[in-house]
Amino acid sequence: MKNKLLTLILMLSFVNLFSQNKVLTEFPKNQLPYIGGYEAYYNDFHNIIAEQNLQPCNNKNELYQFSVLITSDASIKFIKDVNEQYVEKNKCAYNLARQVAQYQKNWNPAIVDGLKENAIARFIIYPDDLFENFRNGYTPVFTAPVFNLSEKDHLGEFQKDLLSKLDLRRFDWNDIFTVETEFIINKEGKMENIILTKPSGLHEFDKMIINSYKSIRKKWKPATINGIPIDYRFKHTLRAVTDPQY
């Protein structure tokens, strides 16, 4: 009997937590989620800190990757962060992002085909830059992580490495499934705190997926902010499609 062919498509993706309504998981290119752009967002952030007498974080290294839903009517909804370990490690920055967001007024809905749409916006909240160290025109100087120091298509190399570690021989799927994963790329370029934010529903299969990520030994060049390596949360989607012809 021929084994069914599993075509694996690996891609970057963010979790859609509002599947009951149409939500863009990222802003369209060349559109800004805040009126005046990111400089205006961080300038308002700094001003609100002063106006509300908010306090800086004791841990100067805290950094939170803040995701917020901007609705079509220019209001916001907070998204539950399922990575409890990441939140706990950056609790002050997490709370600060949400406190300030409630006072910010210039949210800018995404536009698609002339219509306003719900869309998820993302901001890097590095509190140490937003208190005494704030400067006019500030936006974080950020560089993304790079897998295995690859100069070209480093994500393709990561996907290939992950594919080679998946053991699918024990699983006979007859449908499409999607597994969404999140992990931290730490300051040393190692992957840690690997969790499934959207499991397949089959325990043994999900366990195999987690173990496949954990078995990757090649390191990443860590992400940086202002030239300093940081712990960066990375989200990834694995989608598999069974082909009944094989």
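Student: Which residue of β6 is the bridge partner of I111?

Tutor: The bridge partner of I111 in β6 is K116. Please keep in mind that this is a predicted model.

Student: What makes β5 and β6 a pair of strands?

Tutor: Two strands pair if at least two bridges are found between them. Strand β5 (residues 110-112) and β6 have 3 bridges and therefore meet that condition, in the antiparallel sense. They form a hairpin with 2 residues between them, and D113 in the turn has a positive phi of about 55°.

Student: Which other strands pair with β6, and in which sense, parallel or antiparallel?

Tutor: β3 is joined to β6 by 7 bridges, and these two strands run antiparallel. There, I70 stands opposite A119 in β6. β2 pairs with β6 in the parallel sense over 2 bridges, and V23 stands opposite N118 in β6.

Student: Why is β6 called largely enclosed?

Tutor: A residue counts as buried when its relative accessible area is under 20%. In β6, 8 of the 11 residues are buried, so the strand is largely enclosed by the rest of the structure. For the chain as a whole, buried residues make up 46% of the 246 residues.

Student: How do you know whether N30 and N193 are buried or exposed?

Tutor: One sets each value against its cut-off. N30 has a relative accessible area of 83%, and exposed means over 50%, so N30 is exposed. N193 has 17% relative accessibility, which is under 20%, so N193 counts as buried. N30 lies in the loop between β2 (23-24) and α1 (37-51), whereas N193 lies in strand β10 (residues 191-198).

Student: What is the phi of each of these residues?

Tutor: Phi of N30 is near 70°, a positive value in a residue other than glycine. Phi of N193 is near 50°, likewise positive in a residue other than glycine.

Student: Why is the pair of Y64 and Y94 called edge-to-face?

Tutor: A search of the whole structure finds 25 aromatic pairs. For Y64 and Y94, the ring centres are 5.3 Å apart, within the limit of 6.5 Å, so the rings form a pair. Their planes stand at 90°, which is over 60 degrees, so the pair is edge-to-face. The pair links distant parts of the chain, with Y64 in strand β3 and Y94 in helix α3, 30 residues apart. Y64 and Y94 are both buried.

Student: Which residues of α3 are buried, and what covers them?

Tutor: In helix α3 (residues 91-101), the buried residues are A93, Y94, L96, A97, R98, V100 and A101. Their cover includes α1, β3 (64-70), β4 (76-78), α2 (84-89) and β6 (115-125).

Student: Which members of the largest nonpolar core touch the most other members?

Tutor: Of its 57 residues, these are Y41, Y42, F66, F123, I125, F183 and Y213. The largest share of this core, 6 residues, comes from α3. Nonpolar side chains tend to be buried together in soluble globular proteins.

Student: What does F66 touch?

Tutor: Not counting residues up to four places away in sequence, F66 touches Y41, F78, A97, R98, A101, A121, R122, F123 and I125.

Terms used: Residues are numbered from 1 along each chain as its sequence is written. This is a predicted model: local features need pLDDT of at least 70, side-chain atom pairs count only at pLDDT 80 or more; totals for chains, interfaces and linings use all residues. Side-chain values use heavy atoms; hydrogens and water are left out. Buried means under 20% relative accessible area, exposed over 50%, partly exposed in between (1.4 Å probe, protein chains only). Helices (H or I, at least four residues) and strands (E, at least two) are DSSP runs, numbered from the N terminus. Contact means heavy atoms within 4.5 Å. Rings of Phe, Tyr and Trp (its six-membered ring) pair if their centres lie within 6.5 Å; planes under 30 degrees apart count as stacked, over 60 as edge-to-face and the rest as tilted. A nonpolar core is a set of buried Ala, Val, Leu, Ile, Met, Phe, Trp, Tyr and Cys residues joined through side-chain atoms within 4.5 Å.
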